[in-house]
Amino acid sequence: MTAAALLEVSDLCVRFRSRGNVVNAVQGISFTVEPGQTVAIIGESGSGKTVSAYAIMGLLPRTAHVSGSISFKGVQLVGRSEKDLRDHRGRNVAMVFQDPERSLNPTMRIGAQISEAIRCHLPLDRNDAHERAVELLRLVRLPAPERRFYEYPHQLSGGMRQRVVIAIALACEPRLLIADEATTALDVTTQAQIMDLLLDLQRQLGTALVMISHDLALAASYAEEVLVMYAGRVVERARTRDLFGSVRMPYTRALLGAIPRIELEPHVLLPVVGGRPPDLSAIMPGCSFAPRCPDVQQDCRHHTPALEEHDSGHWWACWHPCGEETGP
Amino acid sequence: MRQATGAGPAAAPSGGILLEVRHLVQEFVLRDHGGVRGGVLQAVFDVSFELRAGETLGIVGETGSGKSTLARSVIQAPPPKHGEVIFEGTDLVRLRRRAMKPVRRHMQMVFQDPFRSLDPRWTVAGIVAEPLIAHGVGSRSERRERVNSFLDRVGLDPAGYGKRHPRELSGGQAQRVAIARALVLEPKLIICDEPVSSLDVLVQAQVLNLFETLRSEMGLSYLFIAHDLALVKQVSDRVAVMYLGKLCEIGPVRDIYREPLHPYTLALLNSIPDPSPPEGKRDTARVISGEPPSPLDPPSGCRFRTRCPRAADRCAAEVPELRTLGDLRQVACHFPLPARNDKRAEREFVL
């Protein structure tokens with residue numbers, strides 16, 4: 001959109017082919033991330049949020065068929081060679097995954113793992129890399145970084161491991177950090193600590209943050225803009241305040257309603273929608289949420305609504321958005 | 001919907017005491033290489049509570065707080081090291097293994113990961129029928145009918161799902177099968193250990209509603225373990241907060257969430273992300289720092305004192321006993337938080 005956009009994804013499609021089956025994991029999503037911005041991508045399992053992130057990272061396997069455009073600081077990423085993508089990762093974008101246990105090598109000291117990441121991308125010798133690694137550990141507020149440098153992942157708690165993973169991700173000062181369910185495996189108190197750390201670092205370093213989560217509440221408390229994904233498409237996109245102030249897409253409303261909230265009285269039944277997300281191997285006509293939607297009408301089943309900007313900054317893909325006639 | 005045979009009328013939460021746990025202690029001996037005793041891990045230390053018929057007690061705490069161990073000790077798998085677990089007047093800890101079996105009929109468990117708690121080679125109908133066979137209930141045709149009626153009850157069509165295998169089910173459906181298996185013996189107590197944490201938000205809401213409806217239909221009591229405080233609030237009558245193997249606080253759900261007495265409860269409540277923030281960003285000052293200390297070497301005195309903003313010398317010297325404050329609330333803290341009467345402060349806190 002604007003020339004200042006750090007990341008510009010437009011009409012991104014990702015298809016997987018396996019044993020004659022085609023899975024349309026991502027079906028034409030577009031969004032932009034400005035420098036220093038926090039964007040949350042929300043959706044259920046299988047909605048395509050992680051596949052989109054992998055596409056931005058250039059981490060998709062060769063079986064994936066990617067079309068559309070992903071431009072990072074004006075450089076096109078779709079169709080680039082593995083060598084170019086390798087250079088792009090780490091320097092430009094870095095990712096923090098859900099399970100810190102599986103992102104770290106259990107047989108390597110954490111210091112060595114951080115130094116490795118640094119020396120992959122920056123021309124530093126061993127000593128300088130060591131110094132930088134300790135500095136990073138201090139940055140992510142790991143207690144006693146000089147000592148921890150020589151420890152193995154199993155000697156750390158889940159929260160500390162995730163701090164180490166964040167340190168590795170920040171090793172080359174990426175412009176964009178993708179946190180894929182980075183706090184889902186952690187306890188509430190640790191989750192709050194890690195999210196606060198991520199936001200602090202973002203403010204300090206000016207990194208943009210894309211957080212991927214199934215947790216709307218988490219996104220609401222930390223992100224500036226929220227994208228809601230369903231069945232490979234973005235169905236609603238808005239600034240956090242606008243979105244939660246006036247939800248338009250019935251799917252977003254269903255997600256919000258299904259979260260147990262601390263303000264609710266005990267034993268209240270939650271509003272639920274039945275059914276399951278659609279099979280992504282066939283592209284069906286009509287809105288993908290139509291079979292489950294409580295407000296479905298005849299035209300929803302035949303015509304696919306496009307994601308359009310209806311209010312300033314508030315996009316939705318729905319023929320009959322909620323809140324047209326009544327309040328939320 | 002078919003009615004199950006013998007389901008009693010729903011009991012009010014003020015029913016008689018169903019389960020009483022007194023001074024329960026569960027320890028695990030850690031072994032180093034060669035079986036050398038490496039240390040004793042006190043997973044649950046001196047926990048007491050009671051559960052009335054028809055009541056749901058939520059148990060919250062972080063990883064390693066001992067909430068799952070507590071649940072397993074209640075069901076005697078394995079039996080606790082010390083203490084009493086009195087279920088309908090019988091102390092289960094003293095029972096012999098053979099005498100335990102008829103009691104298990106009345107207490108069943110639902111686990112976090114349905115796929116790991118269901119045998120992948122069995123059919124859904126076989127899985128749900130197994131407890132009936134194990135306890136010798138009914139004839140073959142009676143069992144089939146009962147299995148069908150319970151599958152129906154958890155929202156699965158017996159004709160369509162009875163012959164399926166767990167791999168042919170979604171997470172939510174598999175958890176429904178696990179619930180049907182737990183219910184088929186018509187137990188009085190269901191112990192749920194993080195029963196919805198592996199499910200997607202929309203499915204989670206469906207399963208939570210199922211728990212609620214079953215509770216009122218069958219007069220069940222739940223011990224509901226979860227790390228998510230909002231979720232626990234949704235289902236519970238009373239809530240117990242655990243930290244490092246000890247109870248911090250226990251009381252009626254509304255009171256605990258409106259005015260927590262233990263600083264740890266307050267810290268937990270403050271860590272919950274809020275879906276409708278006033279300004280998009282939250283203030284970071286209220287989040288507690290640090291991580292739980294090692295349960296192999298818990299701090300002296302109050303176990304929370306190393307992270308507690310209110311900690312004083314007394315907290316290190318003296319273990320706070322669980323004491324009763326007000327009518328129904330108990331707290332284990334030397335310096336509990338003051339009750340809040342100011343309406344404005346209250347709202348500020350809750351949100």
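**Two chains, question by question**

Modeller: Just after helix α1(A), G58(A) takes a positive phi of about 70°. Please keep in mind throughout that this is a predicted model.

Colleague: Which residue follows helix α1 of chain B with a positive phi?

Modeller: Helix α1 of chain B spans residues 67-74 and is mostly covered, with 7 of its 8 residues buried. Those buried residues are K67(B), S68(B), T69(B), L70(B), A71(B), S73(B) and V74(B). The residue with a positive phi, near 65°, that follows α1(B) is Q76(B).

Colleague: At what angle does α1(B) run to β2(B)?

Modeller: The strands concerned belong to an open sheet of 4 strands in chain B, with the order β2-β1-β4-β5 and antiparallel pairing. Its edge strands are β2 (37-52) and β5 (90-91), each of which pairs on one side only. Helix α1(B) lies across β1, β2 and β4 of chain B, and its angle to β2(B) is about 70°.

Colleague: How many bridges join β1(B) to β4(B), and what is the bridge partner of E20(B)?

Modeller: Strand β1 (residues 17-31) and strand β4 (residues 82-87) of chain B run antiparallel and are joined by 5 bridges. Within this pairing, the partner of E20(B) in β4(B) is I86(B).

Colleague: Which residue in the turn between β1(B) and β2(B) has a positive phi?

Modeller: These two strands pair in the antiparallel sense over 11 bridges, and one of the bridge pairs sets I17(B) against R52(B) in β2(B). Together β1(B) and β2(B) form a hairpin with 5 residues between them, and the turn residue with a positive phi, of about 80°, is G34(B).

Colleague: Why is strand β7 of chain B said to be largely enclosed by the rest of the structure?

Modeller: From β7(B), L189(B), I191(B) and D193(B) point one way while I190(B) and C192(B) point the other way, and all of them are buried. Strand β7 (residues 189-193) is largely enclosed by the rest of the structure because its buried residues number 5 of the 5.

Colleague: What is the handedness of the crossover from β7(B) to β8(B)?

Modeller: Strand β6 (residues 107-110) of chain B pairs with β7(B) in the parallel sense over 4 bridges, and Q108(B) stands opposite I190(B). Strand β8 (residues 221-226) also pairs with β7(B) in the parallel sense, over 5 bridges, and there the bridge partner of I190(B) is Y222(B). The chain crosses from β7(B) through helix α8 (residues 201-218) to β8(B), and this β-α-β crossover is right-handed.

Colleague: Is P295(B) buried or exposed?

Modeller: P295(B) has its place in the loop between α11 (263-270) and α12 (313-317) of chain B. Not counting residues up to four places away in sequence, P295(B) touches L41(B), Q42(B), A43(B), G64(B), L244(B) and G245(B). The cut-off for burial is 20 or more other C-beta atoms within 10 Å, and because P295(B) has 20 of them, P295(B) counts as buried.

Colleague: Which element gives the most residues to the side of chain A that touches chain B?

Modeller: In this contact, 39 residues of chain A meet 38 residues of chain B. The elements of chain A that give two or more residues to that side are α8 (188-205), α9 (216-222), α10 (240-245) and α11 (250-258). By class, the side of chain A that touches chain B has 20 nonpolar, 11 polar and 8 charged residues. The element that gives the most, with 7 residues, is α8(A).

Colleague: What percentage of the residues of chain B count as buried?

Modeller: Chain B contains 13 helices and 12 strands. Among its contacts with a separation of 6 or more, 66% are between residues 24 or more positions apart. Of the 351 residues of chain B, the share that counts as buried is 45%.

Methods
Residues are numbered from 1 along each chain as its sequence is written. Chains are lettered from A and ligands numbered from 1 in the order in which they are written. This is a predicted model: local features need pLDDT of at least 70, side-chain atom pairs count only at pLDDT 80 or more; totals for chains, interfaces and linings use all residues. A residue is buried if 20 or more other C-beta atoms lie within 10 Å of its own, exposed if 12 or fewer, and partly exposed in between; C-beta atoms are placed from the backbone. Two strands pair if DSSP finds at least two bridges between them. A crossover is right-handed if, with the strands pointing away from the viewer, the path from the first strand over the helix to the second runs clockwise. Two residues are in contact if their C-beta atoms, placed from the backbone, lie within 7 Å. Axes are lines fitted to C-alpha atoms, for helices over the stretch in contact, and angles run from 0 to 180 degrees between N-to-C directions. Ala, Val, Leu, Ile, Met, Phe, Trp, Tyr, Cys and Pro count as nonpolar, Asp, Glu, Lys and Arg as charged, and the others, Gly among them, as polar.
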